[in-house]
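Subject: Structure for you to look through

Hello,

I am handing over a structure with this email, together with some notes on what was found in it. Please keep it open beside the text as you read.

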Amino acid sequence: MVTGLTALFVWLKSAPASAAMVVSPESGMARPIVLVDVRTPEEYRTGHKEGALNIPVDEVEQRAAQLLPDKNAVILLYCRTGKRADKALEVLRKMGYSHVENLYRSEM
């Protein structure tokens with residue numbers, strides 16, 4: 001599984017997140033991939049990964065239902081060091097999102 005995720009992350013670096021899909025090994029069904037930058041709007045404006053949504057970590061709980069309606073989508077979170085993405089990951093998992101990963105931690 002880790003090898004597959006690593007390959008997916010490498011592929012994502014060259015593909016817009018809005019167009020990315022992944023096929024679930026369990027169900028064989030395609031799931032959308034949503035890239036979420038959990039840094040501040042100011043940090044996001046200085047540069048971000050193409051196609052990434054900006055949901056600051058302190059707004060994830062309030063804005064997730066609206067901006068991330070598919071709880072089965074593959075959601076890849078990132079920030080500068082991975083710490084804020086870890087916090088957002090915990091929040092989203094408690095809210096019932098089933099396929100959430102910290103992009104920073106997964107690349108290590």
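Leaving out residues up to four places away in sequence, Cys79 touches Val38, Arg39, Arg84 and Ala85, where contact means heavy atoms within 4.5 Å. Cys79 is in the loop between β4 and α4; helices (H or I, at least four residues) and strands (E, at least two) are DSSP runs, numbered from the N terminus. Cys79 counts as buried because its relative accessibility is 8%, buried being under 20% relative accessible area, exposed over 50% and partly exposed in between, with a 1.4 Å probe and protein chains only. Glu43 is 36 residues from Cys79 in sequence, and their C-alpha atoms are 9.2 Å apart in space.

Before going on, please note that this is a predicted model, in which local features need pLDDT of at least 70 and side-chain atom pairs count only at pLDDT 80 or more, while totals for chains, interfaces and linings use all residues. Residues are numbered from 1 along each chain as its sequence is written, and side-chain values use heavy atoms, with hydrogens and water left out.

As for the whole, the protein chain has five helices and five strands, and along the sequence they follow the pattern α-β-β-α-β-α-β-α-β-α. Of the 108 residues in the protein chain, 37% are buried. Among the contacts in the protein chain with a separation of 6 or more, 52% are between residues 24 or more positions apart.

Asp37, in strand β2 (residues 30-37), counts as buried because its relative accessibility is 0%.

Which way do the residues of helix α4 face? Ala85, Ala88, Leu89 and Leu92 are buried in α4, and they fall within an arc of 110° seen down its axis, so they line one face of the helix; the arc is that of the directions from the helix axis to the C-beta atoms. These buried residues pack against α3 (60-67), β4 (74-78) and β5 (99-102), whereas the face turned away from them carries the exposed residues Lys83, Lys87 and Lys94. The twelve residues of α4 (residues 83-94) should span 16 Å at 1.5 Å a residue, which agrees with the 17 Å between its end C-alpha atoms, the expected span being 1.5 Å times one less than the number of residues. After α4 comes Gly96, whose phi is positive, near 100°.

Lastly, there are two charges over rings, meaning that NZ of Lys or CZ of Arg is within 6 Å of the ring centre and within 35 degrees of the ring normal. Lys49 lies over the face of Tyr78, 5.6 Å from the ring centre, and the charged end of Lys71 sits over the ring of Tyr97, 5.4 Å from its centre. Tyr97 is also 28 residues along the chain from Pro69, with 9.6 Å between their C-alpha atoms; Pro69 lies in the loop between α3 and β4 and is exposed, with a relative accessible area of 64%.

Best wishes
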